[in-house]
Amino acid sequence: MTFELGISLLNRNTSFTLIEAELDENGQEIGTSFSTFDFGYSANKISVAYSKGKSKLRIGTYFTGNSGYFQERTTFWVPFLNYSYRFAKL
């Protein structure tokens, strides 16, 4: 059984541009505005893994203490369960 602790780079390359039409008082389009957002954040990762032969089972969680992912800064965690099987060593 192993204990793992690390930092994860979640949601990388998540930037996007919001394009909105600017309208005058008659509803006619007079221009366009562009806003760029990025939902990338870093999170801590804690997990416990059990290995037997070529199989490995891992359970853990990602958590962040200060994320701008939402409109207000907040904390959240995402649990995960992972199973892997090693067919061959490269």
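Q: How many residues lie between β2 and β3 in their hairpin, and which residue in the turn has a positive phi?

A: Some conventions come first. This is a predicted model, in which local features need pLDDT of at least 70, side-chain atom pairs count only at pLDDT 80 or more, and totals for chains, interfaces and linings use all residues. Residues are numbered from 1 along each chain as its sequence is written, and side-chain values use heavy atoms, with hydrogens and water left out. Strands (E, at least two residues) and helices (H or I, at least four) are DSSP runs, numbered from the N terminus. Here, five residues separate β2 from β3 in the hairpin, and G27 in the turn has a positive phi of about 85°.

Q: In which sense do strand β2 and strand β3 pair, and over how many bridges?

A: Two strands pair if DSSP finds at least two bridges between them. Strand β2 (residues 16-23) and strand β3 (residues 29-37) are joined in the antiparallel sense by eight bridges. Within this pairing, E22 stands opposite G31 of β3, and L18 has S35 of β3 as its bridge partner.

Q: How many helices and how many strands are there in the chain?

A: The chain has zero helices and six strands. Read from the N terminus, its elements run β-β-β-β-β-β.

Q: What share of the residues in the chain is buried?

A: A residue is buried under 20% relative accessible area, exposed over 50%, and partly exposed in between (1.4 Å probe, protein chains only). Of the 90 residues in the chain, 16% are buried. The accessible surface, computed by the Shrake-Rupley method with a 1.4 Å probe and, for residues, with only the protein chains shown as cover, is about 7,300 Å² for the chain, and carbon and sulfur atoms supply 55% of it.

Q: How many aromatic pairs does the count give?

A: Rings of Phe, Tyr and Trp (its six-membered ring) pair if their centres lie within 6.5 Å; planes under 30 degrees apart count as stacked, over 60 as edge-to-face and the rest as tilted. The count comes to two aromatic pairs. One of them is the tilted pair of Y62 and F80, with 5.0 Å centre to centre and 35° between the planes. This pair links distant parts of the chain, since Y62 lies in strand β5 (residues 55-67) and F80 in strand β6 (residues 74-85), 18 residues apart. Y62 counts as partly exposed because its relative accessibility is 22%, whereas F80 is buried because its relative accessible area is 17%. Y85 and F87 form an edge-to-face pair, with 5.1 Å centre to centre and 70° between the planes.

Q: Why does Y85 count as partly exposed, and why does F87 count as exposed?

A: Y85 is partly exposed because its relative accessibility is 42%. F87 is exposed because its relative accessibility is 68%.

Q: Which strand gives the most to the nonpolar patch?

A: Patches are made of residues with over 30% relative accessible area and no salt bridge, like charges being joined within 9 Å and nonpolar side chains (Val, Leu, Ile, Met, Phe, Trp, Tyr) within 5 Å. A salt bridge is a side-chain nitrogen of Lys or Arg within 4 Å of a carboxyl oxygen of Asp or Glu. In this model, β6 gives the most to the nonpolar patch, with three residues. The residues of the patch, among them M1, V48, Y85 and F87, have about 1,300 Å² of accessible area together.
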